[in-house]
Structure formats: C-alpha cells, structure tokens
Amino acid sequence: MRSAPYRVVVAKPGLDGHDRGAKVVARALRDAGFEVIYTGLWQTPEQIAETAVQEDADAVGLSCHSGAHLTLFPEVVTALRDRGADDVVMFGGGIIFGDDVGALEATGFERLFPPGTPLDEITSWLRDRLDARART
C-alpha cells in the first residue's frame, strides 16, 4: 500500500438530480482515508474525465438513477481513454440491473454496486483493487 491516499473522483453524469447516494459514498470513502473529489450534479462525461485527469485520480465512481447509465457511463470511459487515462479504475452504482451490469463491465467498469450495498464493502473493494494495481 502506498503512503499517500488514493484519489477518487465521485460524479453524477447527465441530468440525474438524485445525489444522496453519491454523497454518502463520497463521505464513506473520505472516512476510509481516500481523498475524494466530488464533482456535483449535472456533469458531462467530458467534464468528469477532465476532472479525473486534472486531479490525477486513481479511480472514478459514477452514480446514476435516471436510467441513462448505458449511454453516459461508457462515454466517461471513452473520454478518459481519449485523454490517455486508461488506467483509472472505474466503478459505479445506482439503479442498474440485469444485463446492464455485464454491458457496463464490457466497457471497462470493474464493479457496479446496487442500492443498499454496505459502505464498507465499497471502500474495502476499492482499496483492495487499488492496492493490487499499485503492486503491479
């Protein structure tokens, strides 16, 4: 494990105005020792990617409750790759069910957390994933 805290961007892409879950996850990550950059509501995929690059983020977590995740989440991955940031760990949450999980994993999302996921499950998974990446 590295000595500096991991940097995580938490973002709400698109017009989804439901941000309670993203704020709760951001706070849990912060309390677990991560450095968190919360972008706020109504961000474009390009804005999220630019923030991740400017902040030298290790991971980006997206939240979506509007049903636009199949469009917006992959657009964030593409915008990151276009900026040369293809090593950023991608994870997400929100109202994402069934086949959508596999479709998003195929675009580069490593984990998708449904509503009600225990916060320590999210923070532990992310720390383990970033620690594993740091060892390679």
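**Figure 1. Trp42 in the loop between strand S2 and helix H2.** In this predicted model, Trp42 counts as exposed because its relative accessibility is 51% and the cut-off is over 50%. The residue sits in the loop that runs between S2 (35-38) and H2.

**Figure 2. Asp56 in the loop between helix H2 and strand S3.** Asp56 is found in the loop between H2 and S3 (59-64). Phi is positive for this non-glycine residue, with a value near 50°. Asp56 has a relative accessible area of 59% and is therefore exposed.

**Figure 3. The contact of helix H2 with helix H3.** H2 covers residues 45-54 and H3 covers residues 69-82. Their axes come within 8 Å and cross at roughly 45°. H2 is therefore oblique to H3. The crossing in which H2 passes H3 is right-handed. From H2, the contact is made by Pro45, Glu46, Ile48, Ala49, Ala52 and Val53. From H3, Leu72, Glu75, Val76, Ala79 and Leu80 take part. By class, these residues are nine nonpolar, no polar and two charged.

**Figure 4. Glu75 of helix H3.** Glu75 is placed in H3 and belongs to the contact with H2. Its relative accessibility is 36%, so Glu75 counts as partly exposed. The view also includes Ala11. Glu75 and Ala11 are 64 residues apart in sequence, and their C-alpha atoms are 13 Å apart in space.

**Figure 5. The packing of helix H3 with helix H4.** H4 covers residues 99-107. The axes of H3 and H4 are 10 Å apart, and the helices pack at an angle of about 10°. The cut-off for roughly parallel is under 35 degrees, so H3 and H4 are roughly parallel to each other. H3 contributes His69, Leu70, Phe73, Pro74, Val77 and Arg81 to the contact. H4 contributes Asp100, Ala103, Leu104 and Thr107. The contact of H3 with H4 has six nonpolar, two polar and two charged residues.

**Figure 6. Phe109 and its contacts.** Phe109 lies in strand S5, residues 109-113. At 2% relative accessibility, it counts as buried because the cut-off is under 20%. Leaving aside neighbours within four places in sequence, Phe109 is in contact with Leu62, Phe73, Pro74, Val77, Met90, Phe91, Gly92 and Leu104. Among these, Phe73, Pro74 and Val77 of H3 and Leu104 of H4 also take part in the contact between those two helices. Met90 is 19 residues from Phe109 in sequence, and the C-alpha atoms of the two are 4.9 Å apart in space.

**Figure 7. The whole chain, for orientation.** The chain has five helices and five strands. Along the sequence they follow the pattern β-α-β-α-β-α-β-α-β-α. The C-alpha trace spans about 40 × 35 × 25 Å along its principal axes. A compact globule of 136 residues would have a radius of gyration near 14 Å, and the 13 Å of the chain agrees with this. Buried residues make up 46% of the 136 residues. Of the contacts with a separation of 6 or more, 72% come from residues 24 or more positions apart.

Definitions and conventions. Residues numbered from 1 in each chain as written. Predicted model: local features only at pLDDT ≥ 70, side-chain atom pairs only at ≥ 80, totals over all residues. Heavy atoms only, no water. Axes fitted to C-alpha atoms, helices over the stretch in contact; angles between N-to-C directions. Helix = DSSP H or I, 4+ residues; strand = E, 2+ residues; numbered from the N terminus. Parallel < 35°, antiparallel > 145°, perpendicular 65-115°, else oblique. Left-handed = near helix turned anticlockwise from the far one by under 90°. Contact = heavy atoms within 4.5 Å. Nonpolar A, V, L, I, M, F, W, Y, C, P; charged D, E, K, R; others polar. Rg over C-alpha atoms; globule rule 2.2 N^0.38 Å. Buried < 20%, exposed > 50% of the residue type's maximum accessible area, 1.4 Å probe, protein only.
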